[in-house]
Amino acid sequence: MLAFLGDAVFELMVRARLVGQGNAPIGQLHRRTVAHVSAAAQSAAFPALEPLLTEEELAIFKRGRNTHNNTPKNADPAQYRCATGLEALFGYLYLLGRQERAQALFDALWEAAAEG
């Protein structure tokens, strides 16, 4: 449930960041959004985020990562689990009303992806 909500929260944050970067055709915005919200992209950026997490946040991430889910056929299972953990964390922060913390973690992920 946390990952389900966190998926929407994370995608909204990506879309807001992309729109804030300036006007672009909708198709281009969609492709750029998908590039950031994919399991591969989220999994690749996570190592930069991990040292910033509190013990509580890391526990939520691990709980989401370890949830048994049906991995899509086109996804790498390890990447998909990592992305699910990340989405669970963002869902958790959203439900607690900790949007500033979610934004700080998102900014760190965004920066890591840009350096990528």
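In the predicted model, ring pairs join Phe10, Phe90, Phe106 and Trp110 into a cluster. The structure holds 4 aromatic pairs, and one of them, formed by Phe10 and Phe106, is edge-to-face, with a centre-to-centre distance of 5.5 Å and 70 degrees between the planes. Because Phe10 belongs to helix H1 (residues 2-20) and Phe106 to helix H6 (residues 99-115), this pair ties together parts that are 96 residues apart in sequence. Phe10 and Phe106 are both buried.

A stacked arrangement is found for Phe46 and Phe61, whose ring centres are 4.1 Å apart and whose planes form an angle of 10 degrees. Phe46 is part of helix H3 (residues 39-49) and Phe61 of helix H4 (residues 55-65), so that the pair ties together parts that are 15 residues apart in sequence. Both Phe46 and Phe61 are likewise buried.

The helices that carry Phe10 and Phe106, H1 and H6, pack at an angle of about 65 degrees, with their axes 11 Å apart, and their crossing is right-handed. On the side of H1 the contact is made by Phe10, Met13, Val14, Arg17 and Leu18, and on the side of H6 by Ala102, Gln103, Phe106, Asp107, Leu109 and Trp110. By class, the residues of this contact between H1 and H6 comprise 8 nonpolar, 1 polar and 2 charged. Within the set of contact residues, which includes both Arg17 and Trp110, Arg17 lies over the face of Trp110, at 5.3 Å from the ring centre, and Trp110 is in turn a member of the cluster with Phe10, Phe90 and Phe106.

How values were computed
Residues are numbered from 1 along each chain as its sequence is written. This is a predicted model: local features need pLDDT of at least 70, side-chain atom pairs count only at pLDDT 80 or more; totals for chains, interfaces and linings use all residues. Side-chain values use heavy atoms; hydrogens and water are left out. Rings of Phe, Tyr and Trp (its six-membered ring) pair if their centres lie within 6.5 Å; planes under 30 degrees apart count as stacked, over 60 as edge-to-face and the rest as tilted. Helices (H or I, at least four residues) and strands (E, at least two) are DSSP runs, numbered from the N terminus. Buried means under 20% relative accessible area, exposed over 50%, partly exposed in between (1.4 Å probe, protein chains only). A charge sits over a ring if NZ of Lys or CZ of Arg is within 6 Å of the ring centre and within 35 degrees of the ring normal. Axes are lines fitted to C-alpha atoms, for helices over the stretch in contact, and angles run from 0 to 180 degrees between N-to-C directions. A crossing is left-handed if the near helix is turned anticlockwise from the far one by less than a right angle, and right-handed if clockwise. Contact means heavy atoms within 4.5 Å. Ala, Val, Leu, Ile, Met, Phe, Trp, Tyr, Cys and Pro count as nonpolar, Asp, Glu, Lys and Arg as charged, and the others, Gly among them, as polar.
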